[in-house]
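I opened this notebook to keep track of what I looked up.

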Amino acid sequence: MKDAFGLPQSLLVLGGTSEIALATARRLIARRTRTVWLAGRPSPALESAAAQLRTLGADVHTVAFDALDPGSHEAVLGKVFAEGDVDLVLLAFGVLGDQANDERDPSAAVRVAQTNYTGAVSAGLVAARGLQTQGHGSLVVLSSVAGERARRSNFIYGSSKAGLDAFAQGLGDALHGTGVHVMVVRPGFVRTRMTEGREEAPLATTPEAVATAVELGLRRRSGTVWVPGVLRLVMAAVRHTPRALLRRLPV
Amino acid sequence: MSAETTSETAPEITSVTGWGRTAPSAARLVRPRTYAEAVAAVRDCGPRGGIPRGLGRAYGDAAQNAGGSVIDVTGLDRIHVVDAGAGVVLCDAGVSLHRLMQVLLPLGWFVPVTPGTRYVTVGGAIGADIHGKNHHVSGSFARHVLSFELLTADGTIHTVDQGTDLFDATTGGMGLTGVVLTARIRLQPVRTSLMSVDTERARDLDDLMARLTATDHRHRYSVAWIDLLARGAATGRAVLTRGEHATPAALPARARRDPLAFRPSRLPAAPPFVPGGLLTRTTVGLFNELWYRRAPRARSGELQSISAFFHPLDGVPHWNRVYGRDGFVQYQFVVGYGQEDTLRRIVQRLADRRCPSFLAVLKRFGDADPGWLSFPRPGWTLALDIPAGLPGLGAFLDELDEEVAAAGGRVSLAKDSRLRPELLGAMYPRLDDFRALRAELDPRGVFVSDLARRLNFQESP
């Protein structure tokens, strides 16, 4: 169960090698979380992530989960929910893709869309049903500021996140009053493996900062969280920038 | 938002919270109006079980059951027999203490133990084994319960007498042994409905503890309000309030005509939406300063109504809303006599941290009560309300828990919404007995609550 501050005792991470998710898991383990399920494609990275969290004192299990195989989601996640209550589901899988390459290779672009959007729709709905049956729990969805306004430099990734973001908002409304809380997290540029070697955007942040924001959002039962918070204002301006102008901006 | 009691018979899925309005969860709310309906409610709980709920005054998640049933017992509200000669009442579990006072005071009887609100049910008073300002004299509520009827997980009804294991597991058992249906309670005789109140100020914590230690036994009711925002030499400054039931001779002529009248007044309710952040260090500090200054240095024999003396906050319905949407937590702990240093250290830490708490209450508990999970034990108990939105509050209270547990103390389960499950066993040494009895009485775990899940009550010894 969550405590009065929204801190979960059990956590299911979808995308178990995500650095943001692992930073969040570490933070939550330091507080209340004792049981962690890391779901992801079986890999040494997933196992070592689990081993690392175990050293912090949590009871960690890994689960074979593939975002690109929606047909399996019900069985895979159903098994986790059958083991006991899940207080928090962190939907953290996603790929950035390679914009230049993906524009040339539609099948690669589709893979980005299928992972980030289709896979999340499937896993999100399955997790939501599990939480609703429990009558409590949070679903935290890692969206991105990139989904707030399509930009020339990463519109394939951005459009998939836009879809995910709209889906998660709607799901949150659908679950209002069921005891289940859905929170959309919109980080800006996060320094991780995924963004390594890329030119940093202004207001770049870290997985730890996202984790801190997630904890705060859980306490406040927020619907939306921006990291850093000032992005809420920045993106409000960007959203209303005329396209002709935005096209010329170096973003 | 907290579930308001509804009279519809069709079960509905409702978001439920405790009085502190934190950690909502959804449950099927059923409101039996007969014992047969109560039996059916228990039998039809479903896979996620059920938990009885009264008027929802438990601060945390004790009367919530996510995904399962919450059995609202306020529909069982008959007062069956009042033996006005012997001072014993037999009533349903859903009867509130408010209602009992209305009925019993004109007959010259008072509820033996009342907490800071009259709006708790008899069932809730037994489940939480509540205490009041008279614990050092009268013990907790269960001490005055002669017997009760308990509806257990198999759908049968048992008569449970004082002195039995099932009695001691149920009193303080947070509703996890079954649904109390009726109770026989021994009452306190009174000759008037007014209180004769002595008030004095204590300049700091040591002064306060010395005054309480020296004179507590002379008063039936005794409590101290502490200003936790006072710092330095004034740390722990307090207002002591002691009271007795007034004698008829003490009443002014007008009141003597109807010495047992009970007319509590109520102000308009707090509005449904209150912005958060109202209770800051500044506003609470201001309130505390005024409250302290307003209290007389020493005054005795002031006549107060029962509601003013025992239940000042009941005058403002839904006062819990003033904490805004973040809600609040109540932190109440007890440490034994001889552990005064722990108490001093905790008060110091609270003062240093400047927790905006305008309700901080210190009192001395008397003899322990037999309930296995009953909160009171001989020692000092401090209770305070704190806005849940205060940054870092969770970690801070965890640290206080460690101090309390190390001193052999405990926190109150009726107030709790955030204890670490690992500490439960240390704080409640009879937890394993409780688990064993529950395993036998309710092997399928029909009775379960968010509190029970959060604190791992189901874990085998």
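Here are my entries, grouped by region.

**Before starting**

I note that this is a predicted model.

**Entry 1: a five-stranded sheet in chain B**

I began with a sheet. Its 5 strands form an open sheet in chain B, in the order β5-β6-β10-β8-β9. The pairing is antiparallel. I then asked which strands stand at the edges. They are β5 (79-83) and β9 (157-161) of chain B. Each has a single partner strand, so one side of each is left without a neighbour in the sheet.

Strand β6 (residues 88-92) of chain B is joined to strand β10 (residues 179-186) of chain B by 5 bridges. The two strands run antiparallel. I picked B:L90 and looked for its bridge partner in β10(B), which is B:R184.

Then I checked what packs on the sheet. Helix α1 (residues 35-43) of chain B does, and it touches β5, β6, β8 (145-151), β9 and β10 of chain B. The direction of α1 makes about 135° with that of β10(B). Helix α2 (residues 97-104) of chain B packs on the sheet as well. I found α2 touching β5, β6 and β10 of chain B, with its direction at about 45° to that of β5(B).

**Entry 2: strand β13 of chain B**

Is β13(B) mostly covered or mostly open? It is mostly covered: 6 of its 6 residues are buried. I sorted the residues by direction. B:Y221, B:V223 and B:W225 point one way. B:S222, B:A224 and B:I226 point the other way.

I then looked for the partners of this strand. β13(B) pairs with β14(B) in the antiparallel sense over 6 bridges. With strand β17 (residues 360-365) of chain B, the pairing of β13(B) is also antiparallel, over 2 bridges.

I followed chain B onward to B:A234. This residue lies in the loop between β13 (221-226) and β14 (238-245) of chain B. B:A234 has a relative accessible area of 24%, so I list it as partly exposed. What does B:A234 touch, leaving out residues up to four places away in sequence? It touches B:R203 and B:D204. I also took one distance. B:A234 and B:D168 are 66 residues apart in sequence and 42 Å apart in space, C-alpha to C-alpha.

**Entry 3: two helices crossing in chain B**

I turned to helix α6 (residues 205-215) and helix α10 (residues 340-353), both of chain B. Their axes come within 11 Å and cross at roughly 140°. α6(B) and α10(B) are therefore oblique to each other. The crossing is right-handed.

Which residues meet there? From α6(B) I wrote down B:L205, B:D206 and B:M209. From α10(B) I wrote down B:E340, B:L343, B:R344 and B:V347. By class, this contact has 4 nonpolar, no polar and 3 charged residues.

Most residues other than glycine have a negative phi, and most peptide bonds are trans. I looked for exceptions.

B:R21 has a phi near 60°, a positive value in a residue other than glycine. B:R21 lies in the loop between β1 (12-16) and β2 (25-30) of chain B. At 8% relative accessibility, B:R21 counts as buried.

B:R354 also has a positive phi, about 60°, although it is not a glycine. I found B:R354 in the loop between α10 and β17 of chain B. Its relative accessibility is 22%, so B:R354 counts as partly exposed.

A:P228 lies in the loop between β7 (224-227) and α8 (231-239) of chain A.

**Entry 4: a threonine beside that bond**

A:T205 touches both A:V227 and A:P228. Its other contacts include A:F189, A:V190, A:R191 and A:V210. A:T205 is found in the loop between β6 (180-187) and α7 (207-220) of chain A. Is A:T205 buried or exposed? It is buried, with a relative accessible area of 8%.

Methods. Residues numbered from 1 in each chain as written. Chains lettered and ligands numbered in written order. Predicted model: local features only at pLDDT ≥ 70, side-chain atom pairs only at ≥ 80, totals over all residues. Heavy atoms only, no water. Helix = DSSP H or I, 4+ residues; strand = E, 2+ residues; numbered from the N terminus. Buried < 20%, exposed > 50% of the residue type's maximum accessible area, 1.4 Å probe, protein only. Contact = heavy atoms within 4.5 Å. Axes fitted to C-alpha atoms, helices over the stretch in contact; angles between N-to-C directions. Parallel < 35°, antiparallel > 145°, perpendicular 65-115°, else oblique. Left-handed = near helix turned anticlockwise from the far one by under 90°. Nonpolar A, V, L, I, M, F, W, Y, C, P; charged D, E, K, R; others polar. Pairing = 2+ DSSP bridges.
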